[in-house]
Amino acid sequence: MVMQTQKSLDEFRNEPFVDYSVAENADAMRAAIEEVRTELGREYPLVINGERITTEKSFESINPAEKSQVVGIFSDADADAQNLTEQAIDAATNAFQLWKQVSPADRAEYLFKAAAIIRDRKHYYSAWMVFETGKTWAEADGDTAEAIDFLEFYGREMLNWAGHLPVTPSPYPENNTFEYIPLGVGAIIPPWNFPLAIMAGMTMAAVVCGNTTVLKPSPDAPTIAYKFMEVLEEAGLPAGVVNFVPGSGTAVGEHLVASPKIRFISFTGSKTVGLHIYEEAAKTRPGQKWMKRVVAEMGGKDAIIVCDDADLDSAAEGVVQAAFGFQGQKCSACSRLIVDEKVHDELMEKIVALTNQIKVGLPTDGDTQMTAVINQKSFDKATSMINKGIEEGGKVLTGGGGDSANGFYVEPTIIDDVAPGATIEQEEIFAPVLAVIKAKDYDHALEIANGTDYGLTGAVYSTTQANLDRARRDFHVGNLYLNRKCTGALVGVHPFGGFNMSGTDSKAGGREYLLQFMQGKSIAQKN
Ligand code: NAD
């Protein structure tokens, strides 16, 4: 007899990562890369209410590591942004009338089906990320695993919130119930850097709560989002629940945010755009019946503190992985190393040696550890920030160069002697550029670490428990790591989201995440 597992948050476990040192796994990934290669350069439409809509104007998504290679050609909603965005919002509004009546358990089932579809062909989805966003095999696999995790986790979380929730017994003769109901139509505006996991997680968290959505994918990763739309269709999700409108942030994004019919906005991206959306969403427009809810996850200037008593080998390894994994393009990436001056020289020797061993190359090659940054703008910003770091008194220990002839390659760069308050110590760069700041002692290190507008991730390396305990109390970040790197958050294990200008601390992959996409209804009936 087959035992049916009860799906609950308690039995949820993370999708295991693929071990590419196993020949069979490496062969499967190579085959997926070749399969995707044959599918490059195809044309993709908008999807509104299940219907394909093609526009005359289009834009290309390219491979950042080989920029002449076109990954996908997209119908561009910008040409008629107002009209197409309205159509998508109307489709979502109509679909909402039926979707909100589907039971939470049935809604969750679509997420479990989507997870199963992706799991069955995981190398295929990872391979798309290799081509479209310059992810190495391991980084792409991590993204695919996280997407599966979000679907499995949010499905279970919905089951947890479904039905009538406990209330205090009433002193009156009445029957009382409390339940969560959906909000309405949401705008989903994801970034490109976790093109499957974050995009799918943001979209389906809203959907499983009974909302319907308009998804505007990042112009740097639209093909992966389209592939996810195909997964949803295969899973049988009703038309109109997720509508797909590729275009720019400044046209499609602005219209979505401004629409009085949009009930909530789920955004992940930069601080500048996040703050702008927050402000625009606060304006009430004619016909608007609600205050829009904004869930915004934004940037970081994440620091690793290394104390004078730390295990320096372990710290060096953690810093290099967190600073240069996925070319420093994780919101959790270590972009500041704050080191006690007493161990500075010894630590830097180890870090520079490890950094110089990083194999930079094409993401399609299985042994590549670092590849190109996402686009020209990102390359230019990294280059100008490196120059700024030098101008402001920093000393380049390794890297510092770049080459954008074939792809947007920035060398893994370490800038030492950066002063607290310097531009590269304060501003997010989102590239493989690490600023090193010397601290006089642990007090000073914490002061520097907390001295930015952000508060996303942080780590402390120390062998003294009292130092680690102090970090728990005084290091003001949403995700704190002790004696380990500050990247690699796992769904359910490390609910993710930051303080201050890093966002609304929504804690993606946490047990209360879904509450942001629902509203509570209390009903009292007199006996
Ligand atoms: P971005 O802010 O440039 O773009 C994010 C999304 O917003 C894209 O879909 C974009 O098209 C859209 N957009 C741009 N302008 C808009 C506007 N005026 N109105 C509406 N939408 C608009 O960010 P990005 O480069 O895609 O992503 C990188 C950023 O995301 C970094 O700052 C990183 O730290 C942050 N990030 C944060 C988290 C987190 O959980 N805190 C996770 C991943 C990425």
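This dialogue reads a few local features of a predicted model.

Visitor: What conventions apply here?

Guide: The model is predicted, so local features need pLDDT of at least 70 and side-chain atom pairs pLDDT 80 or more, while totals for chains, interfaces and linings use all residues. Residues are numbered from 1 along each chain as its sequence is written, and side-chain values use heavy atoms, without hydrogens and water.

Visitor: Is Gln 327 buried or exposed?

Guide: Buried means under 20% relative accessible area, exposed over 50%, and partly exposed in between (1.4 Å probe, protein chains only). Gln 327 counts as buried because its relative accessibility is 0%.

Visitor: Where does Gln 327 lie, and which residues does Gln 327 touch?

Guide: Helices (H or I, at least four residues) and strands (E, at least two) are DSSP runs, numbered from the N terminus. Gln 327 sits in the loop joining helix H10 (312-324) to strand S13 (334-340). Contact means heavy atoms within 4.5 Å. Leaving out residues up to four places away in sequence, Gln 327 touches Gly 134, Met 370, Thr 371, Ala 372, Val 373, Ala 431 and Pro 432.

Visitor: What is phi at Lys 507?

Guide: Lys 507, also not a glycine, has a positive phi of about 55°. Lys 507 lies in the loop between S20 and S21.
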